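I opened the file to look up a few local features. My entries follow in the order I made them.

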Amino acid sequence: MGPPALRALAPALVYLGLGIVSTWPTAARLGDAVPGGARTDVWDSLWSLWFVQRALGRGELPWRVDLLGWPEGGVLFVADPLNALIAAPLIAAFGLSVGYSLLILGHSVFAGLAAHALGRRIFGVEAAAYVVGVAWALAPVQRAAVENGASEAIAGGWLPLAALLALIAAEEGGARRVIFAGLALFFAAAASWYSGLAAWMIWAGILVLGRPAAPWRQTAGRLLAVAALALALTAPLAYVTRLGVSHKDNLVGIKDVRELLTVRRTVGPADPRGWFIPGDFRSPDFRELSRYAEGFIHCHYLGWSLIFAAAFGLYDARRRGERGLGLWALVGLGGGVLAMGPVVVMDGQPWILDRRLAVPLPYFLLEGAPGFSGLSLLYRLGMLPALGLAVLAGSAVARRPKLAPGLAALIAVELLWLSPMRGLPSMTPTVAEAPIQWLAEAPDGAVMNFPVVGGRGYLFEQTVHGKPVAASLNFPTTRRRGGCGRRRSRPRRTSSPRSRCGGRWARPRGARRSVTSSFITTPTPGPTCTMTPCGPSPGRSPSPPRARRCRSTPYGEGADHALVGGGRGPRRRPGDAAVGRASGRGHVSGGPCRGPERCDGPFAR
C-alpha cells in the first residue's frame, strides 16, 4: 500500500481511533455491554432496533405491536426508522448488543469523515479539514445522545454531509449533484427531525446569502430543485410519523400537545449557561429532578478552545476579505437561539422576572409552525452552533497548517476530559440473567412488571424471552388501563400448603384466572402461570428461606416480572405453580411447589 492509499485511509483511521476513545470501553466490551446509561432511553433504542429487525425477518411491517401493551397491543412507529434499517443486518449477523455498539462506532466515524469532507471543500486544506472533523466528531451534544441512549440523535454525519452536498449543488449544478443533495437532505430528516431542521436551516442560509462562486439566481434555482426533491421524499415519512403518533392505539404516549409545550419550557431547551460552563455542570440535573433516578444529560457545551479559535478564524477571514464564512456564523447563532426554546430556562424551569414574567425567545413565534411544533428536546439544535464553530475554527488554521495538529489536540482534550461529558458515555450490561433465558422456554403467556418501578430493562429482557409484556415503550404499565387487563375484585389469599409457594399469590392447576399482582387479574384460557414476588409484601416480613434466595441484577431495580396467562402447558399436579422470573430484588421462579417452604424445578434459584 503506497503513500497515496495511506493518505486516503488516514482520515478514516483517525476518526475510528477517536470513536473508540470517545466511547471507551465499548470496543473492549462488545457483546456484554452497550454504551449508554441504564436509566436512559438505551433500552428503548435496543428494543426498537430489535423490533424492526424481527419484523423484517418475518416479512412483516414494523407497525402493529402485540409484544407491548398486553393484552390489547397497539401501534408503534419507531423513532429511528433509518438506523433501524441500517442496524437490521448488523443485528442479524452479530446480535443485538454487538450490532448496537457497532452502529454507534460507525456513526462516530461517519460524523468525523463527513465533517472532514466539508472542511476540505470549504478550505481546500487537509489540515483545516482535520480540525473541522475532530471538533464535530467529539461535540458534546452528539456524545450526550450516546449516553442518553437516543439512537435517533447519534447519526451526526448526515448534517455535515447534507451541508456539503448542498454547497456542491449550489455552486456547480447538474442533475446528479442536485439529486444527491436532495437525498442527503432527506436522510438528515429521516435520521432525526432535529438534524433535519438543522439541515434545512443551512439550506436556507445558502439560499439567502448565496455563494461567491455562482450568481445568486443560478444558485437559487439549483437549491429550489434540491428542496423539491427533499420535500417529495420527506412528506410521506412525516405523514406516517404523524399517523403513528396520533393513532388512538399509539403505544408511545408522550407526544401530546400539552406535554410537548411543557417539555419545551422545562427540561427540553438549552440552558444559556450550558454553552460555556465546563466540568460537572448539568442543567437540568436529572439526578435531582427525576423521581426515578434517570441518568439523562442534556449537554450542549461548546468548548472555549473552539470558541476562541472560531472567533480568530472569522476575524482573520474578514481581514483578508474572504467571503462565505458568514453562513456558518449565521446558522450557528440562529441554531443556538432556537435551541434555548420559547422562553429562557435555567435548571429545568423558566427564568421568571418579577415573579410572573418569563423571558420570551424567538422560538415562541415558531412554536406552532410545521417542523417546529413536534420538537421538544430543543437543546439538540445545539448541533448547529457546534458545527458552525467547527468550520470557523478550521478557518483559523487554513493558512497556518502547521498549527492544525496542536489546535485539534487542544480541542480534543477539552471536549473529552474537561467538558460535562467527561467520563461519559457510561456502559450498561446487556447479559441476560439465567431466569430470563429460562422464561423464553416457558409456556406461552405474558410478562408483567411487579412491583411497578422506574427503569425500562424489561424492554431488553423481552428481546431475550420473546413474550408479550404488560407495559408500554415508555412506562412499566399499560397506560390506558393502568395495568395489564381490567381491574377485578381482590382474590382471596390462598392458605393451603399445596397452593402457597413462599410468596404473595398462587393458584392451583386448572384455575381460569391468573393473579398478576395483589390488585390486578386477568382471565386466562388454560393452566395458570402466576407470579410470586421476591421480597417483602407491603406491611409484611419476608419469609427467611425466600429472602435468602433473592439476588440483584444489573438492570431494572426492583422490577419483578412473572409469566401470566397463556396457552396450555404441561399437566401439573394439584398445587403446582409455574412461576415467572424476577429481576432487581431477586429471582423467584419455580416448577412444582410442594409445601410453603420449597420450590423445585428448572426455574428454582
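This is a predicted model: local features need pLDDT of at least 70, side-chain atom pairs count only at pLDDT 80 or more; totals for chains, interfaces and linings use all residues.

Leaving aside residues up to four places away in sequence, I found T26 touching P35, S101 and M427. I placed T26 in the loop between α1 (3-22) and β1 (33-35). Is T26 buried or exposed? Its relative accessible area is 0%, so I logged T26 as buried. The side chain of T26 reaches the backbone oxygen of T23 at 2.5 Å.

Next I went to salt bridges. How many does a search of the whole structure find? My search returned 23 salt bridges.

I checked accessibility on both sides. D316 has 3% relative accessibility and counts as buried, because the cut-off for buried is under 20%. R400, at 22%, is partly exposed.

I then took D271 and R273. Their side chains form a salt bridge with an N to O distance of 2.7 Å. I noted D271 as buried, at 1% relative accessibility. R273 has a relative accessible area of 27%, so I noted R273 as partly exposed.

The E126 and R120 pair followed. I read 3.1 Å, N to O, for the salt bridge between their side chains. E126 is partly exposed at 33% relative accessibility. R120 is also partly exposed, at 38%.

Which residues are linked in a network of salt bridges? I listed R121, E171, E172, R177 and R211.

My last stop was helix α19, residues 457-465. Why did I note α19 as largely enclosed by the rest of the structure? Of its 9 residues, 8 are buried, so the helix is largely enclosed. I wrote the buried ones down: G457, Y458, L459, F460, E461, Q462, T463 and H465. For the helix geometry, I kept one reminder. An α-helix has 3.6 residues a turn, so residues three or four places apart point the same way. I also checked what comes after α19. G466 follows the helix, and its phi is positive, near 70°.

Conventions: Residues are numbered from 1 along each chain as its sequence is written. Side-chain values use heavy atoms; hydrogens and water are left out. Buried means under 20% relative accessible area, exposed over 50%, partly exposed in between (1.4 Å probe, protein chains only). Helices (H or I, at least four residues) and strands (E, at least two) are DSSP runs, numbered from the N terminus. A polar contact is a pair of N or O atoms within 3.5 Å; within protein, one must be able to donate a hydrogen and the other to accept it, and residues adjacent in sequence count only if both atoms are side-chain atoms. Contact means heavy atoms within 4.5 Å. A salt bridge is a side-chain nitrogen of Lys or Arg within 4 Å of a carboxyl oxygen of Asp or Glu.
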